[in-house]
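Subject: Handover of a structure, with findings

Dear colleague,

Please find below the structure that I am handing over to you.

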Amino acid sequence: MKLKSAATLVVVLALVGACAKKQPPVARPTQPPPAATPADPGASRPPTPPEPVPEPTAIPADPTISSGDLSSRSIDEINDPKQSPFQPVYFALDSEQIDSAGQTALQNNAEILKQYTTWVVTIEGHCDERGTPEYNLALGERRALAARDYLISLGIAPDRLKTVSYGNEFPFDPAHTEDAYSKNRRAHFVVTAK
């Protein structure tokens, strides 16, 4: 009987010892992929402007003044919505794609920025009130970046273009209609330095 319980004790201790010695496998870090090197000198050029996306509804253009001589105007006068030389870019629902009307507005805005080479502009990304605050902030950021990237592709220096997203915090039109929503889905341009 003692021999049988001693044998059982040895088997139990062997099993416990074997289990205690097993350690979970250690994950080894993987090497990051090698940095891509441009194969041709043209690889460092800015991206080409995005393809136009058809807009289902036409949005009326905001009243703007002729760019004329804006150098004598204050920043507040330039940023006044009724006097701003910059045209907003409007977007389709849940989209950051720039349509043909938006491309035209950005081309006009680029001409103004080329004329006033010291101006620094903040591009504000806005959304309508639908969607969560987090979603709208992310979408507003993508819209502002899309407008910025397009201006860079037109030859505007990146250090002159800042971006910020306001989501649905500052609607252009506070109504709860589709017409108001279409005005609120926009990239808005504000001169922050002359």
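The model is predicted, and its mean pLDDT over the chain is 81, with 65% of the residues reaching 70 or more. Residues 58–67 have a pLDDT below 50, although this stretch makes 20 contacts in the model beyond near neighbours in sequence. Where pLDDT is low, predicted coordinates should not be read in detail.

Overall organisation

The chain contains five helices and four strands, arranged along the sequence as α-α-β-α-β-α-β-α-β. Of its 194 residues, 30% are buried. The accessible surface amounts to about 12300 Å², and carbon and sulfur atoms account for 61% of that area. Among contacts between residues at least 6 apart in sequence, 74% join residues that are at least 24 apart.

The nonpolar core

The largest nonpolar core comprises 26 residues, and Trp119, Ile123, Leu151 and Phe189 have the most contacts inside it. Two or more core residues come from each of helix H3 (100–115), strand S2 (120–126), helix H4 (133–153) and strand S4 (186–193). H4 provides the largest share, with six residues. In soluble globular proteins, nonpolar side chains tend to be buried together.

Leaving aside residues up to four places away in sequence, Trp119 touches Leu70, Ile78, Phe86, Ile112, Leu113, Arg160, Val191, Ala193 and Lys194.

Helix H3

H3 consists of 16 residues and spans 23 Å from its first C-alpha to its last, close to the 22 Å expected at 1.5 Å a residue. At the start of the helix, a side-chain oxygen of Asp99 comes within 3.3 Å of the backbone nitrogen of Ala101. The buried residues of H3 are Gly102, Gln103, Ala105, Leu106, Asn109, Ala110, Ile112 and Leu113. An α-helix has 3.6 residues a turn, so residues three or four places apart point the same way. The cover over the buried residues of H3 includes strand S1 (89–90), S2, H4, strand S3 (161–167) and S4.

Asp94 lies in the loop between S1 and H3. This residue has a positive phi of about 55°, although it is not a glycine. Is Asp94 buried, partly exposed or exposed? With a relative accessible area of 46%, Asp94 is partly exposed, because that value falls between the limits of 20% for buried and 50% for exposed.

His126 in strand S2

His126 is located in strand S2 and counts as buried, because its relative accessibility is 1%. Its side chain makes a polar contact with the side chain of Glu124, at 3.1 Å. Not counting residues up to four places away in sequence, His126 touches Gly140, Arg143, Tyr166, Gly167, Phe170, Asn184, Arg185, Arg186 and His188. With Phe170, the separation is 44 residues in sequence and 7.4 Å in space, C-alpha to C-alpha.

Yours sincerely

How values were computed:
Residues are numbered from 1 along each chain as its sequence is written. This is a predicted model: local features need pLDDT of at least 70, side-chain atom pairs count only at pLDDT 80 or more; totals for chains, interfaces and linings use all residues. Side-chain values use heavy atoms; hydrogens and water are left out. Buried means under 20% relative accessible area, exposed over 50%, partly exposed in between (1.4 Å probe, protein chains only). Contact means heavy atoms within 4.5 Å. Accessible areas come from the Shrake-Rupley method with a 1.4 Å probe; for residues, only the protein chains shown count as cover. A nonpolar core is a set of buried Ala, Val, Leu, Ile, Met, Phe, Trp, Tyr and Cys residues joined through side-chain atoms within 4.5 Å. The expected span of a helix is 1.5 Å times one less than its number of residues. A polar contact is a pair of N or O atoms within 3.5 Å; within protein, one must be able to donate a hydrogen and the other to accept it, and residues adjacent in sequence count only if both atoms are side-chain atoms. pLDDT is the predictor's confidence in each residue, from 0 to 100.
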